[in-house]
Amino acid sequence: DVLLIPNDPANPQLIAEMKDALGGLEVSLNNLVDTWPKGMDREMLNIYLDTVESWYNDLKEIEAAYNAGQIQKAINLVQSKCTPALQEMVGHAKSLDNQLVAQKNKVAESIASRTKMIVIALVVVMIIAAIAISFMIRVIIVNVIRPTVQVRDALVGFSKGNMSIEVDYHHSNELGQMCDALRDSQSMLKNAMTDNYEILNDMAHGDFTVSFKNEDLFVGDLV
């Protein structure tokens, strides 16, 4: 528009807007270079930057011709250089955009893959933890709760005269020692009572010569 109507009063405003746009373009290009992904091929980026620089040089040439009053030359430069350069810029920009989109998708896939691996790892850890907890619970039940219940039942049986309640826990720890002592007590009292019953039975039938068959059973307060 500035070239087609050189004396248009709106031209200074258009030129100012064009310079502002060029300033914004420069800032955008610098941001693009600074934020370019590390490890990503920069060949397409360099081609695009070279194309922009070439177009910018053409623009300066057009501006110089305009300022010199060579309007027709400026128009010819727009047609022969500026417009083809813009079209080339658009093509390279599309290729650059496709490259960035492909890289973004690649990164997204990588993040999704890592997230999936982390989730799988967490599930495996949770399963292992559940198995470990189940094993610990089983160990506690087998080594603490069940023998404790057996000891309780055997002692309750003692109070009721029942000395045949089985206590099958065997271990070298304190609970195992207590179970051993309880089994010994059951056996000793049961055998002592049996021996005592047999002696009393023989004496009831007139035999006063009998004696205890196993005097080793009568120890402590049983003597």
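Here is a short chat about a predicted model.

Visitor: How many salt bridges does a search of the whole structure find?
Guide: Three. A salt bridge here is a side-chain nitrogen of Lys or Arg within 4 Å of a carboxyl oxygen of Asp or Glu.

Visitor: Which residue does Lys-81 meet in a salt bridge?
Guide: Glu-61, at 3.3 Å, N to O. This pair links distant parts of the chain, with Lys-81 in helix α3 and Glu-61 in helix α2, 20 residues apart. Helices are DSSP runs (H or I, at least four residues), numbered from the N terminus.

Visitor: And Arg-183, is that buried or exposed?
Guide: Buried, with a relative accessible area of 18%. Buried means under 20% relative accessible area, exposed over 50%, and partly exposed in between (1.4 Å probe, protein chains only). Arg-183 forms a salt bridge with Asp-180 (2.3 Å, N to O), and Asp-180 is partly exposed at 30%.

Visitor: How far apart are those two in helix α4?
Guide: Three residues, so they're separated by about one helical turn.

Visitor: New topic: which residues of α2 are buried?
Guide: Among them are Leu-45, Tyr-48, Trp-55 and Ile-62. Just after α2, Gly-69 takes a positive phi of about 80°.

Terms used
Residues are numbered from 1 along each chain as its sequence is written. This is a predicted model: local features need pLDDT of at least 70, side-chain atom pairs count only at pLDDT 80 or more; totals for chains, interfaces and linings use all residues. Side-chain values use heavy atoms; hydrogens and water are left out.
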